[in-house]
Amino acid sequence: MASGQLSRAEALACSGCRHACHVMLYCDTKSQLFGRLPIRHIILMQMRFDGLLGFPGGFVKPSEETLEAGLSRELLEELGVALPISVEDHADSCYAPASSHSSSSPSSRLITHFYVKKMEEEQIKEVERAAASIATDHGQEVLGMVRVPLYTTKGGGGLAAFLSHSFIGNARSQLADSLLRLNLVAPEELHKALTRSLKIHTHTSEDLQVAFALTEAKRKRF
Ligand code: AMP
Ligand code: MN
């Protein structure tokens with residue numbers, strides 16, 4: 001098992017740990033962007049309240065509920081749909097990076113459990129509709145659901161640009177790992193996209209410097 005990774009049983013044996021469960025919901029699709037670029041799969045992520053991209057889910061209390069029941073409860077709040085999650089949907093569990101630890105309980109380690117669930121395209125669309133209309137967390141903890149673009153446009157946009165955004169905890173690694181494990185993107189394609197993401201990242205930091213300099217100048221004027 002890779003470093004930091006735990007089996008579900010090992011993770012549950014840690015009584016002093018906090019636990020969070022998240023899920024990647026996805027489906028196959030025959031639809032095409034601009035009528036020519038295959039979209040191939042719809043993968044749901046969300047823009048979180050903290051401005052970071054992540055998967056739906058949240059904290060669970062193993063002393064009061066199973067990991068899967070806790071995840072379903074979180075999904076009802078965030079997506080507005082009671083989605084059953086089973087042990088078979090579990091993909092991996094690992095210690096969250098130190099930056100994910102809550103400042104209210106910095107001493108207890110956080111274990112994140114990741115699940116993957118394949119659905120039908122119509123079910124995914126129903127989740128998107130419910131998330132924007134009846135989910136209690138909409139506009140609060142969840143600012144909106146987003147689909148992950150898996151294609152690369154002529155100008156190099158798509159997956160590379162998406163991966164260059166900021167993600168919560170290890171959500172970006174969970175996404176990259178799932179893309180490979182489920183054969184949703186070829187390893188060579190993902191490698192190219194990540195190489196491009198790193199370049200975009202450099203450009204983004206230059207862009208941020210420009211915006212920063214602009215506000216600095218304005219700030220001094222008032
Ligand atoms: P949430 O309630 O969704 O914010 O998640 C509970 C905790 O899990 C928070 O402390 C987050 O920092 C952390 N977290 C959320 N999403 C992920 C993720 N995909 N990978 C690792 N940690 C996460
Ligand atoms: Mn959440």
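**Close-up views of a predicted model**

View 1. Asn170 has a side-chain N or O atom 2.6 Å from a nitrogen atom of ligand 1. The protein buries 92% of the 470 Å² that ligand 1 exposes when taken alone (Shrake-Rupley areas, 1.4 Å probe).

**View 2. The manganese ion, ligand 2.** Gly57 (O) and Glu78 (OE) coordinate the ion at 2.2 Å. Donors are N, O and S atoms within 2.8 Å of the metal (3.2 Å for Na, K and Ca); water is not among the atoms, so sites may look incomplete. Gly57 is buried, at 6% relative accessible area (buried: under 20%, 1.4 Å probe, protein chains only). Glu78 is buried too, at 4%.

**View 3. Phe162 and Phe167.** These rings form an edge-to-face pair, 5.8 Å centre to centre, with 75° between the planes (pair: centres within 6.5 Å; edge-to-face: planes over 60 degrees apart). Both residues are buried.

**View 4. Arginines over rings.** The charged end of Arg18 sits 4.4 Å from the ring centre of Phe59, over the ring (CZ of Arg within 6 Å of the centre and within 35 degrees of the ring normal). Arg109 lies over the face of Tyr95, 3.8 Å from the ring centre.

**Notes.** Residues are numbered from 1 along each chain as written, and ligands are numbered from 1 in the order written. Local features need pLDDT of at least 70, side-chain atom pairs count only at pLDDT 80 or more, and side-chain values use heavy atoms, without hydrogens or water.

Terms used: Buried < 20%, exposed > 50% of the residue type's maximum accessible area, 1.4 Å probe, protein only. Phe/Tyr/Trp six-rings, centres within 6.5 Å; stacked < 30°, edge-to-face > 60°. Polar contact = N/O pair within 3.5 Å; in protein donor to acceptor, adjacent residues only side chain to side chain.
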